[in-house]
Amino acid sequence: MNINLPNFNMKNLVKEAGSTISRVVQLTEEKLGTTERTEYDLHFQNLAERADVTKTWTEKIVRDTESVLIPNPQNRVEDFIFEKIEKSKPKRLSNLEHLALDMIEAGGDFGQDLPYGQALIKAGQAEQKLGQCEHDFIATSGICFTQPLRKFLDGEMKTIGKERGILETKRLDLDACKNRVKKARSMLGQQSAERDLRVAQAEFDRQSEITKLLLDGISTSQASHLRHLHAFIQTQVRYYKQCGDVMEQLQRELAKMQHPKPRLRINSEDVDGGPPSSVSMHSCDSDSLVGLALDSDPDPDLDKSLTNLLGDFHIEFDTTAVSTVIFVTECSPVNEDYMYGKQGLMKGLVPRAFVEMLDEEHDVTL
């Protein structure tokens, strides 16, 4: 029976063990401050500091971006596990899609022929579209932004960290050799220590150059990250525009389902009696004016006269006429088409074209 045993080189093992012990001794003495250490040059220190800052902030940006895209931490953990085992991520409904399904189901139970049921169904269909837009946004953002940054962390930054670790090991070996040269007592020991010092210095210099090249490459990586950031912003712009388009379409569809606005008959013509939806109520000026608003059908059951008081003015008018006296003020900001009107407990916007301003000659007495 043949057994293949590993080929151990005892000489190399002893040498490596000796190097490890010397590194531990050197590091301990440096911590205690009993020996000197080789310092890296200023340029290398700046590169190393920039690498540390880049790594720290890139990790935070990736983590925060993933939190925005997938707020549920449990889902993020599941996606990470499936990514590591190289299996497709599970398809799950978003909160918007759950809301959409409930709205559509509720609209069906309330009655598709009723306004509220129809509105719920249309709103649910719009929420479904928003959910699909959200899925597309998450997938695209991962491809164009988070995945490249994570690949940078798992690739280049890990390589830089590994090479920096090797460089630190070479530095400890170099300083240990320097100490052996100082402590050498015999001529033979001095020559051996100096030979080891030259070898350690060459290895340190070579590893230092390799690490510097990798650290210099971070500038190129940041330029690539800038392109990924632009792509992510463009993805966000497209996503929010799609959401806005979906909601505007829903708003138009719901507006068509509303009951028609009351219409007034002026000079045998039907006109829209209500203000457009784009007109907003604002605060009005304190100076009130008296106007005559034209009515379509005066109420014959009203009293023949009505008294309104405004300061020192006493106004009387006949309600059988096709008009109504109201108080009007300019809206702030001033609207070219509407004024703010008030009559008793009723108030609102009045079309400026249907208001005739009264003066002292229109039955106004002191």
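Trainee: Which residues is Asn179 in contact with, leaving aside its neighbours within four places in sequence?
Mentor: In this predicted model, Asn179 is in contact with Gln26, Glu29 and Thr35.

Trainee: Where is Asn179 found?
Mentor: Asn179 is found in helix H5, which covers residues 115-183.

Trainee: Is Asn179 buried or exposed?
Mentor: Asn179 counts as buried, because its relative accessibility is 12% and the limit for buried is under 20%.

Trainee: What span should H5 have, and how far apart are its end C-alpha atoms?
Mentor: H5 has 69 residues, and at 1.5 Å a residue they should span 102 Å. The end C-alpha atoms are 96 Å apart, which agrees.

Trainee: Where is the kink in H5 centred?
Mentor: The kink in H5 is centred on Gly142 and amounts to about 50°.

Trainee: What about H6? How far does it reach from its first C-alpha to its last?
Mentor: H6 reaches 103 Å with its 71 residues, close to the 105 Å expected at 1.5 Å a residue. H6 also has a kink, of about 25°, centred on Ser219.

Trainee: Let us turn to the rings. How many aromatic pairs are there?
Mentor: The count comes to 7 aromatic pairs. One of them is formed by Tyr40 and Phe44, with 4.7 Å from centre to centre and 35° between the planes, and this pair is tilted. Tyr40 and Phe44 are both buried.

Trainee: Why is the pair of Phe137 and Phe232 stacked?
Mentor: The planes of Phe137 and Phe232 are at 25°, so the pair is stacked; stacked pairs have planes under 30 degrees apart. The ring centres of Phe137 and Phe232 are 6.4 Å apart.

Trainee: Which helices do Phe137 and Phe232 lie in?
Mentor: Phe137 lies in H5, and Phe232 lies in H6, residues 187-257. The pair therefore ties together parts that are 95 residues apart in sequence.

Trainee: And are these two buried or exposed?
Mentor: Phe137 is buried, with a relative accessible area of 8%. Phe232 also counts as buried, at 10% relative accessibility.

Trainee: Which residues do ring pairs link into a cluster?
Mentor: The cluster consists of Phe137, Phe145, Phe232, Tyr239 and Tyr240, linked by ring pairs.

Trainee: Which residue lies over the face of Trp57?
Mentor: Lys60 does, at 4.6 Å from the ring centre of Trp57.

Trainee: What does Met157 touch, not counting residues up to four places away in sequence?
Mentor: Met157 touches Ala51, Lys55 and Phe152.

Trainee: Why would nonpolar side chains be together at all?
Mentor: In soluble globular proteins, nonpolar side chains tend to be buried together.

Trainee: Where does Met339 lie?
Mentor: Met339 lies in strand S7, residues 338-343. Met339 is buried, with a relative accessible area of 2%.

Trainee: Which residues is Met339 in contact with, leaving aside neighbours within four places in sequence?
Mentor: Met339 is in contact with several residues, including Val328, Cys331, Leu349 and Val350. Met339 and Leu349 are 10 residues apart in sequence, and their C-alpha atoms are 5.6 Å apart in space.

Trainee: Which peptide bond is cis, with omega near 0°?
Mentor: The peptide bond from Ser332 to Pro333 is cis. Pro333 has its place in the loop between strand S6 (324-329) and S7. Most peptide bonds are trans.

Trainee: Is Asn95 buried or exposed?
Mentor: Asn95 counts as exposed, because its relative accessibility is 69%. Asn95 lies in helix H4, residues 95-110. Asn95 and Gly131 are 36 residues apart in sequence and 7.9 Å apart in space, C-alpha to C-alpha.

Trainee: Last one: how many helices and strands has the protein?
Mentor: The protein has 6 helices and 10 strands. Buried residues make up 28% of its 366 residues.

Methods
Residues numbered from 1 in each chain as written. Predicted model: local features only at pLDDT ≥ 70, side-chain atom pairs only at ≥ 80, totals over all residues. Heavy atoms only, no water. Helix = DSSP H or I, 4+ residues; strand = E, 2+ residues; numbered from the N terminus. Buried < 20%, exposed > 50% of the residue type's maximum accessible area, 1.4 Å probe, protein only. Contact = heavy atoms within 4.5 Å. Phe/Tyr/Trp six-rings, centres within 6.5 Å; stacked < 30°, edge-to-face > 60°. Lys NZ or Arg CZ within 6 Å of the ring centre and 35° of its normal. Expected span 1.5 Å × (residues − 1). Bend = angle between axes of the 7 residues up to and from the residue.
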